[in-house]
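Subject: Structure handover

Hello,

My notes follow below it.

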Amino acid sequence: MSAATRRLTTAQALVRFLTAQYTERDGVRHRLITGTWGIFGHGNVAGLGQALVEYREAMPYHQGRNEQAMVHAAVGHARQLGRLSAQAVTTSIGPGATNLVTGAALATINRLPVLLLPGDYFASHAADPLLQQLEHPVEADVSVNDALRPVSRYFDRITRPEALLASALKAMRVLTDPAETGAVTLALPQDVQAEAYDWPEEFFADRVWRVRRPAPDPAELAEAVQVIRSAARPLIVAGGGVHHSEAEGALRTLVDATGIPVASTQAGKGALRHDHPADLGGVGHTGTAVSDELARTADLVIGVGTRYSDFTTASGTLFQHPDVRFLNLNITAFDAHKLAAGTLVCDARAGLTALAEALPGHRVDAAYETEYSAGKARWDETVRAAFRADDDGAVPTQTQVLGALDAVVGDEDVVINAAGSLPGDLHKLWRARSPRQYHLEYGYSCMGYEIPAALGVQQAAPGTPVWALVGDGTYLMNPTEIVTAVQENLPVKLVLVQNHGYASIGGLSESVGAERFGTDYRHRVADGSFTGAPLPVDLAANAASLGMDVLRAKTVRELREALATARTATRPTCVYVETAPARTAPPAEAWWDVPVAEVSAREAATGARKAYERAVADRRHHL
């Protein structure tokens, strides 16, 4: 081993190290850290800020406006690139660092890699307390960055330069681990960032992290094949792991051979094209009628890359066959064992390929295929009816907005959403044309994700039309990254739907006896409720003031024209539309557990409680 060293500050060494990290899967190499998002303040401007200037030709820098939004942008970037590349995010100490927590939770819940580099207090305690430092009377080593521990897959505070040698390698291992990835935090005391050290040259050598495709255990595979062969009504539930593994082709091969139908979670939608004969659309509380009908009667549920959220299982009420069994193919053992399932702990592509090869000649009964094909045809007509607009001069409904967008996008377009009433409508109705088109963040369902995520996706896929769909409530949470889109000339397309409040939570509030209280954007009236006239707020003007080109659409016809114009725009462009209040989306096909007040003096709540008790009686514990 060479004894050569290089004298750099800790921050310089970290940035230089990051420029030399790569992933490799299936023989294809990718840059691991493609760039760094940052907002500078005391705590990172003199350390990482100076280092990013030093290596600006090798490490692209992106200027954010909100720390949480920078994490969202990095997460969108990593998802678009199949988790084979990621981005770093640096902030100052104090509020800059704590603003990372929501984004970190979102990344870890969704198993998406992001490297967080918040500034921290002086390791030497030379300046103590310093500006923005949280003092703890009995734990002197605590800082606000410790709030990132429970939402990070790996956390370390670098209190000496040489500590980075081991910690940086551990951080890269977690970022590139297909089962354990998520937010990785290296908290960087500001004095240590600026401290010089003689670093071994080997630290800066190119390093390749191979992303594994573990094969299924032979005994588990044999048992899984036997279970599938014995099932009369199998159903595949495709989750995000199908996309992370790039296993869409392997899934299609298995389905084409066996005829087993596929329903998808929010993260798994697009695993099959919408027009594939076996694709039944979304499953669960926001699923399609055909998916949920089959889920209730399936005697075998094959989960592929899903963590079975409550929306997917309808809070434990969906899978009702008396002898239902579960078989879970997942690279994460934690998820594979859910619902007392038989397991295939392996890479999704490797597992699906192995199943297809081990099931020659096996196919579901023709009557079962006929049944789900008829259900799919009925649902396709439901989608067409929801998208249809008989009067082009009318104010569009929300589902007609989706229909207009559906008519404009191409196979390569990416549609991004995360929260509000849109996720339910999209999961039921959107016709995904390609694996990356449907980009719903629903693990954390974080309002404010969409616009910054669109930036990250656009960086990962230049030349691809990227659409961020947001309601007024979500827009008001986090519009600031529009300025970054303008600064970096990222031609994202924003579809801003104005419906004067929290439409999703308003509907939920009404259903549980809370009578839509506090969910409208309206003037307060004399009795304290918010039932007056809509507020005189012009969100389109706000988007324009932040630098976007804005197209206002008042009718279905104007909306179609505006969307077509936006798709070819070379600047950040917003299509603003106020929707008709009528809900035209199909109703929920499965339940979702939101506990209702057990006692109340209000009739709305007592009625909702009776409905709740009827629904919760269907919950099953799959053991």
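How much space lies in the second largest cavity? About 70 Å³.

This is a predicted model, so local features need pLDDT of at least 70 and side-chain atom pairs count only at pLDDT 80 or more, while totals for chains, interfaces and linings use all residues. Residues are numbered from 1 along each chain as its sequence is written, and side-chain values use heavy atoms, with hydrogens and water left out.

Cavities

A cavity is a set of points on a 1 Å grid over the protein atoms alone where a 1.4 Å probe fits but cannot get out; lining residues have an atom within 4 Å of a point. A volume is the space filled by probe spheres set on the points, which are joined across faces, edges and corners. The count is 4 cavities of 30 Å³ or more.

The largest cavity holds about 180 Å³. Its lining has 21 residues, with H274, D279, G281, D380 and W430 nearest the centre. Two or more lining residues come from each of β14 (279-282), α15 (366-387) and α17 (422-429). α15 gives the most, with 4. Helices (H or I, at least four residues) and strands (E, at least two) are DSSP runs, numbered from the N terminus.

The lining of the second largest cavity includes I93, D120, Y121 and N145. By class, that lining has 5 nonpolar, 6 polar and 1 charged residues. Here Ala, Val, Leu, Ile, Met, Phe, Trp, Tyr, Cys and Pro count as nonpolar, Asp, Glu, Lys and Arg as charged, and the others, Gly among them, as polar.

Helix pair

α8 (residues 218-230) and α14 (residues 348-358) have axes that come within 10 Å and cross at roughly 60°. Axes are lines fitted to C-alpha atoms, for helices over the stretch in contact, and angles run from 0 to 180 degrees between N-to-C directions. The two helices are therefore oblique to each other (oblique is what remains after under 35 degrees, roughly parallel; over 145, roughly antiparallel; and 65 to 115, roughly perpendicular). L221, A224, V225, I228 and R229 in α8 meet A354, L355 and A358 in α14 (contact means heavy atoms within 4.5 Å). The contact residues divide into 7 nonpolar, no polar and 1 charged.

Backbone

The D128 to P129 peptide bond is cis, with omega near 0°. P129 sits in the loop between β7 (114-120) and β8 (154-157). Y308 has a positive phi, near 55°.

Regards

Methods
On a 1 Å grid over the protein atoms alone, a cavity is a set of points where a 1.4 Å probe fits but cannot get out, and a pocket is an open set with protein on both sides within 12 Å along at least five of seven lines; lining residues have an atom within 4 Å of a point.
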